[in-house]
Structures are given as C-alpha cells and as structure tokens.
Amino acid sequence: MATIDAPSQVSFQQDAEILRKACKGWGTDEKAIISVLGHRNAAQRKQIRLAYEELYQEDLVKRLESELSGDFERAVYRWILDPADRDAVLANVAIKKLSPDLHVIVEISCTRSPEELLAVRRAYQARYKHSLEEDVAAHTKGDTRTLLVALVTAFRYDGEEINTRLANSEAKILHDAVEDKKFNHEEVIRILTTRSKMQLMATFNRYSDDHGASITKHLQGDSGDEFLLVLRTAVRCLNDSKKYFEKVLHNSIRRMGTDEDALTRVIVTRAEKDLKDIKELYHKRNSVALEQAVAKDTSGDYKALLLTLLGKED
Amino acid sequence: MHPWERDARFLKKALKKGPPQYNVIVEIACTRSSDQLLGARKAYHSLFNRSIEEDLAFHIKGSERKLLVALVSAYRYEGSKVKEDTARSEAKALLNAINNGDKRKIVEDDEVVTILTARSKPHLKEVYDQYKKLSNKTITEDLEVELLLKETVECLCTPQTYFTKIFDAALRDDANEGAKKALTRLVATQKGGEIKEVATKFEEQIEERVKGAYKDVLVGVLAKEG
C-alpha cells in the first residue's frame, strides 16, 4: 500500500500559485513546497507542472532545480518526475557512474511491472536518445552484460498461470547450476530473464521445498564476483521485492553516515506503491519505526520531505 | 486480423516449424518498427499466455538462440542521431569477429549479437557503410555462410535489398509456395514507404503474373501513400 496522502480534490492552479510564491523573491519556502508536492500523486503532480507552465511560461522542475540544493533538491527532483521518467533518470545516473550502480538497473528491471518497464524504456529513449539496452551494454561486459541486457529488455508475460511441471524442472536446473557453481549458465539466465514473475515465484518456492533453503541463500558467495552479486540481486528482487527494499533501507541508514541516494530512491519510488508494507517489515525486523530511523539520520528539509512521503501527518 | 496478432501468429508458427523457418523470426523482428514489434509481443501474451522470448528461449537449443531472443526483445531507438566513431569501432569489432569466425561461431559472439540487437537502425546502416570502407566487402557478403546473421544484417541495414529479393522470388515463373507466402507476409504488415518503392519496380510483373485477391493486395500496396 502507498504511504502518501493525496487529497482527491485539488486545484492545480492554486498549487502552482503556492509553488510560485514559494520560489519568488529572496530565499525559498521549502515547507510550502513540501506541503504541496508531498501530498500529490503522480497524476496530480503532472497537472501541477502543466498548470505552472501555462501560468508562468516556465518549467516548474527547472525552477525548483535552481532554487533548491543538496539532498533535498535531488529528492524533490526525483519525486516530481513521472514515474517512468524518474526511473529513466535513475537508470542513467546509475549507468554513467565511474563504477556503475548495477543493482539499481536490476532493481528497476525486476521490481517494475512489464508495462512499467516498457514505459521506462520509452522515457529513456525520449530523454537520452539511446535505448536503455544500448547504454547498459556499452557500460558493462561479459556475463554481467548478458544478464543485465536480458533483464532490461524483458517483456514478461503478466498472467497468473503457473506450470508446475515447468517450475519443477526449472528449479532443478537452477539447483544443478548452483551446485556446480556454474552461476552464469545460459539456462540460469534464460529462466530468470524470460519467465513470468508468477512462474518464477513458483520455481523459487519449489527450490526451497526441495532443498530446504532459499535459492538466495545458495547464491551467497564471493563478494568480488560481480556477476554473482547481480544475479543474487535479481533473484531477491524477483522473489520478494518488499524484503529487498527493506534491506536496502536498512543498509542505507545503518552505516556510518547515510546513503542518501539509496534512501531517497527507495522512498520516492515506493511511496505510491508499497512503502506501507515495507515500513511494517522494517519495523518488524528492526524494532524501530522507519520514520524514527530516518528522522535520526537525516535533517532539515530533506528529512521533512522524506517523513512526509512516509505518511507522517503535518 | 490486426497486424500485431498476425505477426504473433507468424512467430509462433515459425518457432513450431523449427530452424528452416527461423528466418521468419528474423524478418519480423527486424523489419517492423519498434512499436510494431512491441505490439506483436503484447499480442503474443494475449494469444498464448506466454512471452515470445520465453518460448523462443525454451525451444531453441542451438547456437541461434541468443541472437533470436535478443532480436525479438529489442526496442530500438528510432531517432536519426548517429555517432560515426562509435559506428566505426563497431564495424571493426564485427570485422574482427568475422575474421575469427572459424574459431568461434559468429552468431554466438556476444559483441556481434549486442551490436545487432541493441543499436538503432540508422546507426547500423552507418556501421554497414563503415564496414565497407574497412573491408572492401559488405557485411552481407562476408556473412555468406551464416544465413541467419546475413538476413539479420540485410533486414536491418539494407531492407530494400531484402524486400527486392522477396518480390523477385515470389513473382518468378517457378515461384514456390514458400516464396509466395513470404511476399504475402511482407505486404500484409508493412506500410507504404520503403516497400512501396520496391513494389513499384515490380509493377509490370504484378500486372502480368498475379491474379485475383492476391493481386488486389499488391496493387493496394502500390497505391498506398508512402
């Protein structure tokens, strides 16, 4: 379930005016920005951008980019974009890093629905004049590249049907590969990158039933093995994405300092999806509410925005 | 039947018939626009409750698997922007792979497959041109033996040549069923433009040799706005 609290009746013109007022003149009224944008869903945010453009002949996003700074600016920028556009930006940022954030690519390709992933690919082309797969291929190599390109270009069947016989045979194939430590086996990649999500979950369940441990456990290994890390992330995302996101949040807050990139990314991309469930999971596993942990580890307007997106009442 | 549904059914049939028909998979994946190919994939979901890539990956065990799965999964950028130096270095990579062809099946070469399945068509046409400068032969000439790859390059880089071949084969005196089917498949789903240009060259032959409803279809293609 989503965490953000967006009213059903909204005046986009009024919102645009408030935002304009917040940016005009000396300084910026960040609280006003948070109180409006933090309580609007994607469709509404889009309308506000249009209304703002019409009223003031200016791109709201560009204006906010220039007025704001730091972690707060990055969070607002990601929040205000269309989900597909946002994912395209996240993917591009991840790819272009000196040491690409491959897990972000895996995350996007494995936790979005097939249609959503297609929308991301379209948005990516519109923005960067390249296909997502071209850019992924250009910045990776070997088996990692093969796996990532296949994940990113997948258009999985979205139905609920499960073929038990297939689940059994493919669970066996996966196990054989794991046993022989041939993780980059063609068949492993085939199964993980082409089967529907429901079919994969059935396969993973069968795997656990047959071998007493989840496949993710069996994929733990040499942390220097890039391919294995990417493979494991893919399996975790496909198998239980909420658990995966909870872990990312946990890791982003736990260490010395905070991984704002990861924290922002998860909160912003899940706030309208299943952040509520992720929150509950977090609480269960860490004995402290996610809001509390975030409040302790962040500050200022950045903190205020994150807490709003987490569903905190003003 | 909607063109997407038709393409989905063509793909299914080609897969069922096996290796002699894999060129149909190449043709559909390479001659359709990005959105048309996407549409065919969606139609495939609806019709067969599986994704096309699932079925291809599962049933094709040979060396062509990688290429074919990647071809149907492509969603190519359709803008005209092309980087000449990237195209040149990729032409070099292809030349390299072809020259080392005896050591490793070219169709399984990751570099080759990636270039052919991820790059945009305008970019690949540039790669084709750059290759000719490097090798004095065209990629298609150098790929004589690797039929599937040859057809991939032809459909992507020189579609006119490909279409001409199809028309030619279908309108000959001794044209067989397969050749005629290939033409039907082509005209049924391609819009005007490139195919109309080719069809115009065969106008006379169409007038002479073709009869009935089939002729109407072909005449229709000629008449369509480009």
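## Polar contacts between the chains

Across the interface of chain A and chain B, 16 residue pairs are in polar contact, counting pairs where both residues sit at pLDDT 80 or more. Keep in mind that this is a predicted model.

On the chain A side, the elements that put two or more residues up against chain B are helix H8 (114-128), helix H9 (132-138), helix H10 (142-153), helix H11 (164-179) and helix H12 (186-194). H8(A) gives the most, with 5 residues. Sort the residues on this side of chain A by type and you get 15 charged, 8 polar and 6 nonpolar.

## Salt bridges

How many salt bridges are there between chain A and chain B? The count is 6.

Chain A brings 29 residues to the contact and chain B brings 27 residues. Between them, the two chains bury about 2600 Å², and carbon and sulfur atoms give 51% of that.

## A histidine in a loop

Now for A:His39, which you'll find in the loop between helix H2 (30-37) and helix H3 (42-56) of chain A. Is A:His39 buried or exposed? A:His39 counts as buried because its relative accessible area is 12%, and the cut-off for buried is under 20%. The side chain of A:His39 also reaches the backbone oxygen of A:Ser35, at 3.0 Å.

Definitions and conventions:
Residues numbered from 1 in each chain as written. Chains lettered and ligands numbered in written order. Predicted model: local features only at pLDDT ≥ 70, side-chain atom pairs only at ≥ 80, totals over all residues. Heavy atoms only, no water. Contact = heavy atoms within 4.5 Å. Buried area = accessible area lost by both parts, 1.4 Å probe. Salt bridge = Lys/Arg side-chain N within 4 Å of Asp/Glu carboxyl O. Polar contact = N/O pair within 3.5 Å; in protein donor to acceptor, adjacent residues only side chain to side chain. Helix = DSSP H or I, 4+ residues; strand = E, 2+ residues; numbered from the N terminus. Nonpolar A, V, L, I, M, F, W, Y, C, P; charged D, E, K, R; others polar. Buried < 20%, exposed > 50% of the residue type's maximum accessible area, 1.4 Å probe, protein only.
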